Amino acid sequence: MDSSSPQDDTPEQRAWTPRHNGHVSKVTAWPTTSFAESKRSPSAIALRAFLLGVTLGASLTLTVVLLQPPLNPLWRAPCFLAALSTFHLLEFYITARYNPTAATLSAFLLTGNGYAYNVAHSLALLECTLRNYVAPRYYTDWLRLQPFNAFLPADGGARIAWLTLGLTLLLGGQGVRTLAMAQAGTNFNHLVQSKKKHGHVLVTHGIYRWLRHPSYFGFFWWGLGTQVVMGNLICLVGYAVVLWRFFSLRIESRHSPVTQVSQQSCSCVPAHGNLTNPPASG
């Protein structure tokens, strides 16, 4: 192994090049652009995952602490943050596990949903804080809806029933969305695809046999579940209206591209109409 710089090389080879038995070995050069700026940057992905994990752990811990007697109604705020952290972690993990080519920074969905997404969650935290801590009496008198005060009636059974409903919607919605992403595999993408991609196939097995857009279905009920758990009446209604309208418009506007992709993938569309999500299921 001669590692010295040869004197008879061309100018292009004058830079140090390792040799083995007289043959110049290829040296892979680093990319000219900073890898840290890449959408697949391991450091950027690791940092986001770490921060989400810290937020999840801290939120769960604070939730448990606030649930201890005397119960502090603000336990719902960190519980909401824990649900959000879990959602975004699973978005990236399931993408990386079942569709690794799409596992970029955007798969976390931290910024890809637009400012309205962040505003909605901020308003949910604000309503929870105002209702339970800043102005609970004013909030209740203004709404004139006693059942939503202190998370529904003072009666413990009713409170537990509503909390159970909220957790069922939250966990069930998260489970359906996660399952939909996993079963769609490489056919799932957070970005809407208007043209057929190589390898894309119509998904009709598993949960897609019963739901046409299971990831939309899951996110819709997950969103409502978070607000039931928090006891937010205003945001519950707001979430329902906004999410219903958003998904209705998205499904309608993406129907033609999905049909085109599906028809290119198989000879016919199943009679039950269970198309895969517009391979974007944001």
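Visitor: Is F92 buried or exposed?
Guide: In this predicted model, F92 is buried, with a relative accessible area of 13%. The cut-off for buried is under 20%.

Visitor: And F108, buried or exposed?
Guide: F108 is buried as well, at a relative accessible area of 1%.

Visitor: How many aromatic pairs are there in the structure?
Guide: There are 9 aromatic pairs. F92 and F108 make up one of them: their ring centres sit 4.4 Å apart and their planes are at 10°, so this pair counts as stacked.

Visitor: Where do those two sit in the chain?
Guide: F92 is in helix 2, residues 76–98, while F108 is in the loop between helix 2 and helix 3 (115–134). They are 16 residues apart, and the pair links distant parts of the chain.

Visitor: OK, switching over to Y216 and F247. Why is that pair called stacked?
Guide: Their planes are at 20° and their ring centres 4.8 Å apart, so the pair is stacked. The limit for stacked is planes under 30 degrees apart.

Visitor: Which helices does the pair tie together?
Guide: Y216 lies in helix 6 (residues 214–230) and F247 in helix 7 (residues 233–265), so parts 31 residues apart in sequence are tied together. Both Y216 and F247 are buried.

Visitor: Which residues do ring pairs link into a cluster?
Guide: Y216 and F247 belong to it, along with F87, F219, W222 and F246.

Visitor: New topic: which ring face does R97 lie over?
Guide: R97 is over the face of Y98, 4.9 Å from the ring centre.

Visitor: What about R209?
Guide: R209 lies over the face of W210, at 5.8 Å from the ring centre.

Conventions
Residues are numbered from 1 along each chain as its sequence is written. This is a predicted model: local features need pLDDT of at least 70, side-chain atom pairs count only at pLDDT 80 or more; totals for chains, interfaces and linings use all residues. Side-chain values use heavy atoms; hydrogens and water are left out. Rings of Phe, Tyr and Trp (its six-membered ring) pair if their centres lie within 6.5 Å; planes under 30 degrees apart count as stacked, over 60 as edge-to-face and the rest as tilted. Helices (H or I, at least four residues) and strands (E, at least two) are DSSP runs, numbered from the N terminus. Buried means under 20% relative accessible area, exposed over 50%, partly exposed in between (1.4 Å probe, protein chains only). A charge sits over a ring if NZ of Lys or CZ of Arg is within 6 Å of the ring centre and within 35 degrees of the ring normal.
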